[in-house]
Amino acid sequence: METKQKIVFVGAGSMAEAMISGMLQKELFLPNQISVMNRSNQERLESLKHTYQICINNSKQTAIKEADIIILAMKPKDVVSGVLSIKDFVTEEQLVISVLAGVSTTTITELLGKEVPVVRAMPNTSATIGKSATALSIGEYAKHQHLLLTHKLFETIGIVTTVEEKELHAVTGLSGSGPAYVYYLVESMEKAADEIGLEKEIAKELILQTIIGAAEMLKKSPKQPATLRREVTSPGGTTEAGIKILENYRYQEAMISCIKRATGRSIELGEALTQDVAHKK
């Protein structure tokens, strides 16, 4: 499965590390084919080099020019300055992959100022353990082979699907931010366990297995979630009593509003960046 291409990460955060780890574990790249750079944190770069034996290159020009694939993994707020700092070294023969929430392929293309193929990806933090749900969409100058290559890259950290770019805001609100919603649920369950007198470690084990088991049921059963819920909810029983409290607090409405707001925020961030790019022209 190994490729002969070289890849550079512009940005050295948790998503970059998750992808590096996944690609090395699946032997898609060798360590000497991967390099990473960031704006100022040399200690972070040295840590990644020590952990994965990958390359770090203090020459931005050399790192970019030697790469076949450039992955933009900086913070979205840094995308304008980050892309402008490398644009002179990027060519139309390279593939640029962005994992930046809310940043359109058009914005990236305009910042680069040339017809570079760009593929946009929306993974989530479960990439760290190889369980990401990633959606991809292609920019104006990207071809089918660019999409196939990007698909192969992200398969190393989880499942991959392809959507129209306009749908990526919804993907961001649903699965991009989704792990945080589940963690928040677990926080609530842990607090409840404490209040009803369960020992902390026992409660944690029970909660995690409950969530894992429910997820496996949803994955393997042909039944709809509502059907599975009703099958657990005996009339007059404990589950029904609990569900009624969730209904009183409009739990489903709150979750729907949560996902809609996260989606809306992704749109807002993208629009703000578009305006920022327009002002810098």
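Helices (H or I, at least four residues) and strands (E, at least two) are DSSP runs here, numbered from the N terminus. By that count, the protein chain has 12 helices and eight strands, and helix 12, residues 251–280, is where you'll find Gly270.

A quick word on what you're looking at. This is a predicted model, with local features needing pLDDT of at least 70 and side-chain atom pairs counting only at pLDDT 80 or more, while totals for chains, interfaces and linings use all residues. Residues are numbered from 1 along each chain as its sequence is written, and side-chain values use heavy atoms, with hydrogens and water left out.

Let's begin with the overall picture. The C-alpha atoms of the protein chain fill a box of roughly 70 × 40 × 35 Å, taken along the principal axes. The accessible surface of the chain comes to about 16400 Å² (Shrake-Rupley method, 1.4 Å probe; for residues, only the protein chains shown count as cover). Carbon and sulfur atoms account for 55% of that surface. Of the 281 residues in the chain, 40% are buried; buried means under 20% relative accessible area, exposed over 50%, and partly exposed in between (1.4 Å probe, protein chains only). As for contacts (heavy atoms within 4.5 Å), take those between residues at least 6 apart in sequence: 66% of them join residues at least 24 apart.

Now for the inside. In soluble globular proteins, nonpolar side chains tend to be buried together. A nonpolar core is a set of buried Ala, Val, Leu, Ile, Met, Phe, Trp, Tyr and Cys residues joined through side-chain atoms within 4.5 Å. The largest one in this model has 36 residues, and those touching the most other members are Ile7, Phe9, Met19, Met23, Ile34, Leu153 and Phe154. Several elements each supply at least two residues of this core, among them strand 1 (7–10), helix 1 (14–25), strand 2 (34–37) and helix 6 (144–154). Helix 1 gives the largest share of this core, with seven residues.

Next, look at Arg120 in strand 6. Leaving aside neighbours within four places in sequence, the contacts of Arg120 include Ser98, Leu100, Ser137, Leu168 and His169. His169 leads us back to Gly270: these two are 101 residues apart in sequence and 9.0 Å apart in space, C-alpha to C-alpha. Gly270 is buried, with a relative accessible area of 9%.

Thr233 is another residue worth a stop, in the loop between helix 10 (225–232) and helix 11 (238–248). Thr233 is buried at 18% relative accessible area, and its side chain reaches the backbone oxygen of Arg229 at 2.7 Å. Beyond its neighbours within four places in sequence, Thr233 is in contact with Thr239, Glu240 and Ile243.

On to charges. Side chains of opposite charge can pair when their charged atoms come close. The structure holds nine salt bridges, a salt bridge being a side-chain nitrogen of Lys or Arg within 4 Å of a carboxyl oxygen of Asp or Glu. One of them joins Asp78 and Arg39, with the closest N and O atoms 3.6 Å apart. Asp78 lies in the loop between strand 4 and helix 4 (79–84) and Arg39 in the loop between strand 2 and helix 2, so the pair ties together parts that are 39 residues apart in sequence. Asp78 counts as buried at 14% relative accessibility, whereas Arg39 counts as exposed at 66%. Another salt bridge links Glu268 with Arg261, at 3.2 Å between the closest N and O atoms. Salt bridges that share partners also join Arg39, Lys77 and Asp78 into one network.

Definitions and conventions:
Polar contact = N/O pair within 3.5 Å; in protein donor to acceptor, adjacent residues only side chain to side chain.
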